Amino acid sequence: MATAAAARPSIAREPATAGRGVGRTALIYLGVLVAIFVIWEGVKFLGGVPWRMPGALPGPNNPAIWNPPFRWDFANDLRLPHIWNILIALGQPFQRGADETLAQYLFGAALYTWREAAIGFALGALLGLVLATTFVHSRLLERAFVPYVIASQTVPIIALAPMIAFAFGQNVLAVVIIATYLTFFPVTIAMIRGLRSVDPRAVELMRSYAASPLQVYLKVRLPASLPYLFTALKISATASIVGAIIGEDAGSIDEGLGRVITTFNQYYATGPEKLWTAILAAALVGIAFYLVVRAAELFVLRGRPGAAAG
Amino acid sequence: MTGPDQQPIVRLSAVDKVFGRGGQPATTALEGIDLEIRRGEFVSLIGPSGCGKSTLLRVIGDLVPATRGDVVVNGKPAAKARRDRDYGIVFQAPVLFEWRSVEDNVKLPLEILGRPPAERAKRAREMLQLVELADFTRHYPYQLSGGMQQRVAIARALSIEPALLLMDEPFGALDEMTRERMNSEVLRIWERTGTTIVFVTHSIPEAVFLSSRVVVMSARPGRITKVIDIDLPRPRDLETRESRRYFELVTEVREALRAGGGLEGDDADGGGVASEERTLAEGAVG
């Protein structure tokens, strides 16, 4: 019997295998980045605009000049800037005469947006949890209100954001509300399912202990629903960033990524790589938030089968 | 067994259980059940799939209410006995909580009862020793074999020192060899704790080997057709399974089942599963 248990050890907890797993994962990430670079620049190499090395003089048959065989509109320098130009832009002042580099400026804006998103995320998760708990305990309320919960998400946030800003004022509160609005839905839907995912015999077992409804909820339903909760939170983490960025535009918040994106959008023709850096910053803050939730998931679900997956 | 034998721990009189509400056609799961179980007895309920033996166990445990009749457990109505935590229950599946370690699973009922942490730890340790899993306290359920998981479930059921242990085909999902080992194990536990056990099974050898009495049931509607005293000497071991008397009793139970129409579709499990789901659905509502 001892061998039966030893034969199924938790692979995730073996330090050696875990280390090798991290190394392999890092290698895969790196490989994907290289692949993106190769495809991106490959497209420009084949169908972009003529390119010459900085400092090279124009002239025929100069090896420092590359003349692509095709001319694809989508691959020109306005629509698809060179990756190195995007990276170079990050190191330069974010506007003429500014002390801060674009990277520093974006970092500050991303942090600001993330703070708004995180507050909205927390409130949305809480709201989703309360709604799901209510619905799971009352079929009547579930039937009455779930259609509205679903309807709420069919209204485009672009249409709703100005109305929320109008109702709550053009300030951070409006931004937080919009982030909350995008966050609560996945949590509500997943937790209705998660709180019901309990084995009916487990409920019978609790009944045999004469457990109170609160005890059933805290000791069985809630723990059983946690994998569902984290799946929803991972969706919500990225959605809350999108909500905050859209909300900043409607709420006229100047410090966040929303304003940066709007501004760089306006000046796209003169500096396309700047908008790309803003998109990069938005993506990175989304990924970072996702990873924070993922780390929390790994911690909370440790010891459960399949916790390392997903 | 010592202890007062005069007052039965379970008394069922004229119990009916009818499933089906609203537009559904009603199904009579149990009809006219009269049964007394004395303290310290080991009673098996045996019958074909769908005969209501699991339902009968759930009626005793107040997990589903009886439609008619009296259910008295430990000298009080079944509902009161449940609220007083007079019994422990073990299902066919271990129903362990995957997010709790073995030890924490055993502690769960004690947490519900609000026992102090020191007592919980002590009881869990004792119970895991009893089922010989003391080396696996920090393991998680998925790291254990099916037989070990079921032993954890038994330890959990016994942790609150119930007067009555209800077991619903607890070894039905195990292979034959593990099952025989678990049978000896459960007898050892029963002899050490002196608790009364009501045991649902559809295995004739299992029922005969374990029980002091075997209650034979027939299907549709579920009725008790015969109660057979098992007078095999104790302690029972491998030799018991090879004795002449054992085979005679196995034959007697088999014939009683056949007389009740129980052996025609004995292995068809479909009906049993459906009725169990039904029982569960009813239990969740009630």
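This is a predicted model: local features need pLDDT of at least 70, side-chain atom pairs count only at pLDDT 80 or more; totals for chains, interfaces and linings use all residues.
Helices here are DSSP runs of at least four residues, numbered from the N terminus.

**First selection: R188(B)**

R188(B) has 14 C-beta neighbours inside 10 Å and therefore counts as partly exposed.

**Chain B as a whole**

Next, display the whole of chain B. Ten helices and ten strands are present in chain B. Of its 286 residues, 49% are buried. Among the contacts in chain B with a separation of 6 or more, 72% join residues 24 or more positions apart.

**The open sheet**

Select strands 1, 2, 4 and 5 of chain B. These four strands form an open sheet in the order 2-1-4-5, with antiparallel pairing. Its edge strands are strand 2 (27-37) and strand 5 (76-77) of chain B, each of which pairs on one side only. Now keep strand 1 (residues 10-19) and strand 4 (residues 68-73) of chain B, which pair in the antiparallel sense over five bridges. Within strand 4 of chain B, V71(B) is the bridge partner of L12(B).

**Strands 6 and 7**

Move to strand 6 of chain B, which pairs with strand 7 (residues 164-168) of chain B in the parallel sense over four bridges. I89(B) stands opposite L166(B) in strand 7 of chain B. On strand 6 of chain B, Y87(B) and I89(B) point one way, while G88(B) and V90(B) point the other way; all are buried.

**The cores**

Which residues of the largest nonpolar core touch the most other members? They are I60(B), V198(B) and V253(B), in a core of 87 residues. Helix 5 (residues 146-158) of chain B gives the largest share of this core, seven residues. Select V198(B) and look beyond its neighbours within four places in sequence: V198(B) is in contact with V10(B), I37(B), V43(B), L45(B), L57(B), I60(B), L164(B) and L166(B). Another core, of 64 residues, lies apart from the largest one and includes A89(A), A165(A), I178(A) and I245(A). In soluble globular proteins, nonpolar side chains tend to be buried together.

**Where the chains meet**

Show both chains. The contact takes 27 residues from chain B and 22 residues from chain A. On the side of chain B that touches chain A, the elements giving two or more residues are helix 2 (78-83), strand 6 (87-90), helix 3 (102-112) and helix 10 (270-285) of chain B. By class, this side of chain B has 18 nonpolar, five polar and four charged residues.

Select helix 5 (residues 139-154) of chain A. Its 16 residues should span 22 Å at 1.5 Å a residue, which agrees with the 23 Å between its end C-alpha atoms. Helix 5 of chain A bends by about 35 degrees at F145(A), and a proline, P147(A), follows within four residues. How many of the 16 residues of helix 5 of chain A are buried? The count is zero, and this helix is hardly covered.

Finally, select helix 9 (residues 213-250) of chain A. A straight helix of 38 residues would span 56 Å at 1.5 Å a residue, but helix 9 of chain A spans only 43 Å between its end C-alpha atoms. A bend of about 45 degrees occurs in helix 9 of chain A at L226(A), and a proline, P227(A), follows within four residues. Just after helix 9 of chain A, S252(A) takes a positive phi of about 50 degrees.

Notes
Residues are numbered from 1 along each chain as its sequence is written. Chains are lettered from A and ligands numbered from 1 in the order in which they are written. A nonpolar core is a set of buried Ala, Val, Leu, Ile, Met, Phe, Trp, Tyr and Cys residues joined through C-beta atoms within 7 Å. A residue is buried if 20 or more other C-beta atoms lie within 10 Å of its own, exposed if 12 or fewer, and partly exposed in between; C-beta atoms are placed from the backbone. Two residues are in contact if their C-beta atoms, placed from the backbone, lie within 7 Å. Ala, Val, Leu, Ile, Met, Phe, Trp, Tyr, Cys and Pro count as nonpolar, Asp, Glu, Lys and Arg as charged, and the others, Gly among them, as polar. The expected span of a helix is 1.5 Å times one less than its number of residues. The bend at a residue is the angle between axes fitted to the seven residues ending there and the seven starting there. Two strands pair if DSSP finds at least two bridges between them.
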